[in-house]
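I opened this notebook to keep track of what I looked up, one entry at a time. The entries follow the order in which I went through the model.

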Amino acid sequence: MDAVVPDVGPAGAGRRGADSSAGRDVVIVGGGAAGTSVLVQLVDVLSGAGGAGARAVRSVRVVDPRPMGWGLAFGDSDPLLMCNSAVDLNSVRARHPRDFEEHLRQRGWTGRSQECVPRSWMAEYCHARSAQARARAAAHGVDVDRLSATARAVEVRADGYRVLLSDGRRLAADDVVLCTGVRRPRVPDGFATWQEHPRYLDSPYPSARLREALGQRPRRVLVLGTHQSAVDAALLLCRDGHQTTLTSPSGQLPAVRTALAAPPRALPVLDRVADLDPADPHLGDRLMRHTVEAVRSVSALPWRRQVSTAADPVRRLREETALAEAGACHWARVCAPLIDATIALGGTLSGERRHALMVRFAPFVNRYVTALALVNARRMVAHCDAGLLRVAAGYPRAVAYADGRWRVRWPDSAVREYDHVVNATGFHPPQPYWDAAARTLYLEAPPASATALDHLAGDLRVRTDPTAAPERVWIVGVGTHLRIPFANHLNNVVRQADEVACRLLRPPNPPV
């Protein structure tokens, strides 16, 4: 799957809108879980009906500098980094939800489908499925390859598209699917001037870089963040013996659940969320009532007995870990269907309304919807008990670096010193930019003349202008944050990939 293809032919090789018996050229930008899902499900569709669908496609090119499946989300080989969702939610095939589980079973895994497994297992699964897809496509005369490069821009031309690569090549395409994932770390408050400092890491990923930067001698490390990325950083650092302090403006760790797993039964009250009136001024209140009713429908145990209300974050972590071990976190059973229901509702809302709703529920989302898997919570508790991990009572008021140490002033005026600072506040979602004069969609480093793209059609095609016809350029995955909440939820990404795979085989739009 990792062959390097030669430079493409001269400009004009694309055939957008043409009736070509040779089939269409498809380019998938990004080979992580989203790109793998598009590829695998496209080949599934092409292979249907004895391969008759393959006549619609001539080639599929995946553009990514990393091997298929080994993106940022899952492409770290450290076994300590776990999937946050259970095995039963991690298939890259929307119509075969047990595909990941079957892959693991064939390799001797004997765990439960509601368990979490190392992320690298997911990367290996994606890589294996992409290789199988390439072989199946070849059997039907469809050429599939990966180009080891980064896509920087997409030119929109009268005869098709040109995907501009980091190595200077221009790749002709009739259809483009953007599955770029995240790349750019957020800049935490108070640290904008320290981005290039050698003892500041902009992300805990990849884990090998983190280990190399800190070395083997125990260090004092300040981790900026208290959510999922910060938990990853803490687990990696504490395992290697580093004294680790987590800090964030909220000071709150996520709640604890066994795993984000598929619900054991349907929850009709959440199915009705998608039918709520987008214009209802009390929409947020109604969404909360549906959520509370869903929790009550899965257990009669009062909410206050399913969660901890301790003010201290470490005590709360201990208590909620114990609740999860006792099977008392019934609220966790509604999380996956609640995400799906919110995604369906979000597609009916304006961008402003959707943003306001997510801001209102951010504390609930950060604590419960994106809760810790029990396996990680147990490890966090053990590190706290060993004295390696603490959660700061506030966020730094001031920071300086002198004599080989970070000097951090805290809200109580205490000053503490650290050897390294690790940013674990997450990543900015991908943001394409459109330059109307150049007729180019920039995926990175846009010129000053380009403007942020904020239009995405209901079928996930790019609109360069609200009044323009949608292009045959689709976005799948986290990039759909332009209109979809929880855009990085894998179950949602795989559904999107399935829909786009089917739409790729439909005839092009007639000339406008």
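Entry one, a helix pair. I found that the axes of helix 2 (residues 99-106) and helix 3 (residues 119-139) come within 11 Å and cross at roughly 95°, so the two helices count as roughly perpendicular to each other (angles of 65 to 115 degrees). On the helix 2 side I listed Asp-99, Phe-100, His-103 and Leu-104, and on the helix 3 side Trp-121, Met-122, Glu-124, Tyr-125, Ala-128 and Arg-129, as the residues making the contact (heavy atoms within 4.5 Å). These residues divide into six nonpolar, one polar and three charged.

A note on the source. This is a predicted model, in which local features need pLDDT of at least 70 and side-chain atom pairs count only at pLDDT 80 or more, while totals for chains, interfaces and linings use all residues. Residues are numbered from 1 along each chain as its sequence is written, and side-chain values use heavy atoms, with hydrogens and water left out.

Entry two, Ser-37. I placed Ser-37 in helix 1 (residues 33-51) and noted it as buried, at 0% relative accessible area (the cut-off is under 20%, with a 1.4 Å probe and protein chains only). A polar atom of its side chain lies 2.8 Å from the backbone oxygen of Val-92.

Ser-308 and Leu-323 are 15 residues apart in sequence, and their C-alpha atoms are 8.5 Å apart in space.

Terms used: Axes are lines fitted to C-alpha atoms, for helices over the stretch in contact, and angles run from 0 to 180 degrees between N-to-C directions. Helices (H or I, at least four residues) and strands (E, at least two) are DSSP runs, numbered from the N terminus. Angles under 35 degrees count as roughly parallel, over 145 as roughly antiparallel, 65 to 115 as roughly perpendicular and the rest as oblique. Ala, Val, Leu, Ile, Met, Phe, Trp, Tyr, Cys and Pro count as nonpolar, Asp, Glu, Lys and Arg as charged, and the others, Gly among them, as polar. Buried means under 20% relative accessible area, exposed over 50%, partly exposed in between (1.4 Å probe, protein chains only). A polar contact is a pair of N or O atoms within 3.5 Å; within protein, one must be able to donate a hydrogen and the other to accept it, and residues adjacent in sequence count only if both atoms are side-chain atoms.
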